[in-house]
Amino acid sequence: MVFLSYLNRFISNFVLLAVAYYSLNAMDKYQQRAILAFLILVYVAMRAISALRSFNFFHRIERLEKEARRLGGLLGLGPEESLVRRRIITDVSTIRRSGEMKSYIDLMFLLLIVLICVAKIVTD
């Protein structure tokens, strides 16, 4: 399922890249193309801010994971509770890493879209 979620993120971002590229190439007049490129850049900026904020969120989750491991070791719980706690922490860390990878995929495609938009604005 993790691979499918990466594939879904990759395909949806690739479709966004293709739509932006096709839309910018379909415009004949420079002014229309520049306005469309600017609107796409505004959308990309909003998504990039969201992706960067998610990295802050993932960093906080990582600190909570470390704190939970430390506190669990200090409490000295029984073996059954220790196994459950370890499983929960492992699941959370797996989900966090998956979210980070998806954010990296988003940022890569957003960077490509920015490059396309800037190239279309600069060229006449």
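Trainee: Is F14 buried, partly exposed or exposed, going by its relative accessible area?

Mentor: Buried means under 20% relative accessible area and exposed over 50%, with partly exposed in between (1.4 Å probe, protein chains only). F14 has a relative accessible area of 45%, so F14 is partly exposed. Before we go on, this is a predicted model, where local features need pLDDT of at least 70 and side-chain atom pairs count only at pLDDT 80 or more, while totals for chains, interfaces and linings use all residues. Residues are numbered from 1 along each chain as its sequence is written, and side-chain values use heavy atoms, with hydrogens and water left out.

Trainee: Thanks! How is F14 paired with F10?

Mentor: A pair of aromatic rings is described by the distance of the centres and the angle of the planes. Rings of Phe, Tyr and Trp (its six-membered ring) pair if their centres lie within 6.5 Å; planes under 30 degrees apart count as stacked, over 60 as edge-to-face and the rest as tilted. The count here comes to four aromatic pairs. One of them, F10 with F14, is stacked, at 6.5 Å centre to centre and 10° between the planes. Both sit in helix α1, four residues apart, so about one helical turn separates F10 and F14. F57 and F58 give a tilted pair, with 6.0 Å between centres and 55° between planes.

Trainee: Which residues make up the aromatic cluster with F10?

Mentor: F10, F14 and F109 form one cluster.

Trainee: And what should I know about helix α1 itself?

Mentor: Helices are DSSP runs (H or I, at least four residues), numbered from the N terminus. Helix α1 covers residues 2–26 and reaches 36 Å from its first C-alpha to its last, close to the 36 Å expected; that expected span is 1.5 Å times one less than the number of residues.

Trainee: Now salt bridges: how many does the whole structure hold?

Mentor: A salt bridge is a side-chain nitrogen of Lys or Arg within 4 Å of a carboxyl oxygen of Asp or Glu. The search finds five. In one of them, R47 meets D106, with the closest N and O atoms 3.6 Å apart. R47 lies in helix α2 and D106 in helix α3, so the pair ties together parts 59 residues apart in sequence. D106 is buried at 9% relative accessible area, whereas R47 is partly exposed at 23%.

Trainee: Where do R96 and E100 lie?

Mentor: Both are in helix α3, four residues apart, about one turn of the helix.

Note on methods. Helix = DSSP H or I, 4+ residues; strand = E, 2+ residues; numbered from the N terminus.
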